[in-house]
Each structure stands twice: as structure tokens, then as C-alpha cells.
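I opened my notebook for a friendly look through this one. Here is what I looked up, entry by entry.

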Amino acid sequence: MQLLSRDFYQNTNPFFVGEQLIGKIIETSFDQKVCTARIVELEIYKAPEDRGSHAYQNKLTDRTKIIFEKGGLAYVYLCYGIHHMFNVVSGPEGVAHAILIRAVEPLQGIHTMKSRRGIEKEVQLTNGPGKLCQALGIKTSFDGETLFERRSKIRLLDDGFKYIPDDLYKGPRVGIAYAKEDANLPYRYYLKQNSFVSRPLIVKY
DNA sequence: GCGACGATTCGCT
DNA sequence: GCGAATCGTCGCG
């Protein structure tokens, strides 16, 4: 298990970073509880031209300032007043790319995740951006945490897992109708065969 | 200061 | 399939 390096996140191409993040491991540790889970679905938000991005046209506010930092930080915000959303900040300083983690596959700490979620069914634990934050204990207080340090409450790790490139689905992002034509861009990635993906494509016959 | 709204989830019909 | 929950952020003036 190896920490992803600080340099990895600063790559200027957010699509490359997104492809690399699929299959990597998120580990949270605090309150003497450790949870790990594999990333199986994410969405790219590409500054400054992406209307879906909070940093569209490089809009700089108290909330978005963290996205402009050097890659390798967590961007966590509250959605609908209830759900936390976890993003990986990428790109060099001043370039506001963010990658929303939409689904993960639980590996360790499943008992803790069940207790945080208040449910027993494993497939429901982390198959959505709000759900996985609840399961892993990710809150807005994680905003700005570094992802490349052992001492962080949240880290990203590589265990050598490799997916088959043909298994990677690329399609439109979810829930961003306000982004108009940008909503159709293929910025959502997920592993086709994985049962923890949120809202997988329904195949019609 | 205030009103509108959201990168969602859950429960009920 | 639909609507409510629930609150921080943003834009307006």
C-alpha cells in the first residue's frame, strides 16, 4: 500500500488523473476507527470552462478557494443541507480542477460504515456521493485536508490494483442539468462490472 | 439582511 | 416516480 504522491495530483490533465484514481483506495482514520474503500466511480469538473463546476469561469469565493490550491487536497462541501460531497483537488496551483468521488467499494471497517449509515445492506453503504461520505465519516471539517500525508484524517493509496481499460465506462455526469450542453460531456467514469456504482446505465432490450 | 437553490437521499404512493 | 428534508453559499442591492 503506497500513498499517492503530491506530484501525482498536480498533473495538468484532469482526465488522466481521473483514469488513474479509478481503483485507488480511500482511507479515513480518526476516533480510532479506520475505514478503507476502493474508488469505482467519479466525475471530472474541469475549470474554468466547465459550466458544471463550482469554479466555472474561475469563480473565486470562500467556498471555492480550496479548488484553486495545488492538487492533492480534499474539497468537501454540503449539498441540500444534508449530504457531504468529497472531491479530490487536482492540477497546479491556480488551476481549479476537481474530481467528485461518486461511489466506492468498501474494503475495511465495514462494521463502522454500517453503524455510521444506520443500515446493514452492504451494497447501499457507499453507492452514491453522499452515502460514501457518511460511511467513511467525511465531513466539511475535512475540507482542505491533504491527501498525500500519513498523518491526515483522509489519504489516497495505491495497492497495485489494475482495471481492464475496456471496463471503464465514460458518460454524462449526473444531476447537473443546469450546466446545459456541458451536462452531456463524458466526464463521468465508472467500472462497468462493479456493483457499487450509483445509478448504472440501464441496458434496454 | 433575505430569498433561492443545490454535483442527493430516502420513504411513500 | 415524486416530494420533503435542511442549511450553507451566493447574488442582489
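How much space lies in the largest pocket? I found about 590 Å³ there. A pocket here is an open set of points on a 1 Å grid over the protein atoms alone where a 1.4 Å probe fits, with protein on both sides within 12 Å along at least five of seven lines, and lining residues have an atom within 4 Å of a point. The volume is the space filled by probe spheres set on the points, which are joined across faces, edges and corners.

I noted that this is a predicted model, with local features needing pLDDT of at least 70 and side-chain atom pairs pLDDT 80 or more, while totals for chains, interfaces and linings use all residues. Residues are numbered from 1 along each chain as its sequence is written, chains are lettered from A and ligands numbered from 1 in the order written, and side-chain values use heavy atoms, without hydrogens and water.

Of its 42 residues, Leu21, Ile26, Leu42, Phe86, Val88 and Ile101 touch the most other members. A second, separate core of 18 residues includes Ala55 and Val89.

I also looked at burial overall: 51% of the 205 residues of chain A count as buried. The C-alpha atoms fill a box of roughly 50 × 40 × 35 Å along the principal axes.

Key
A nonpolar core is a set of buried Ala, Val, Leu, Ile, Met, Phe, Trp, Tyr and Cys residues joined through side-chain atoms within 4.5 Å. Buried means under 20% relative accessible area, exposed over 50%, partly exposed in between (1.4 Å probe, protein chains only).
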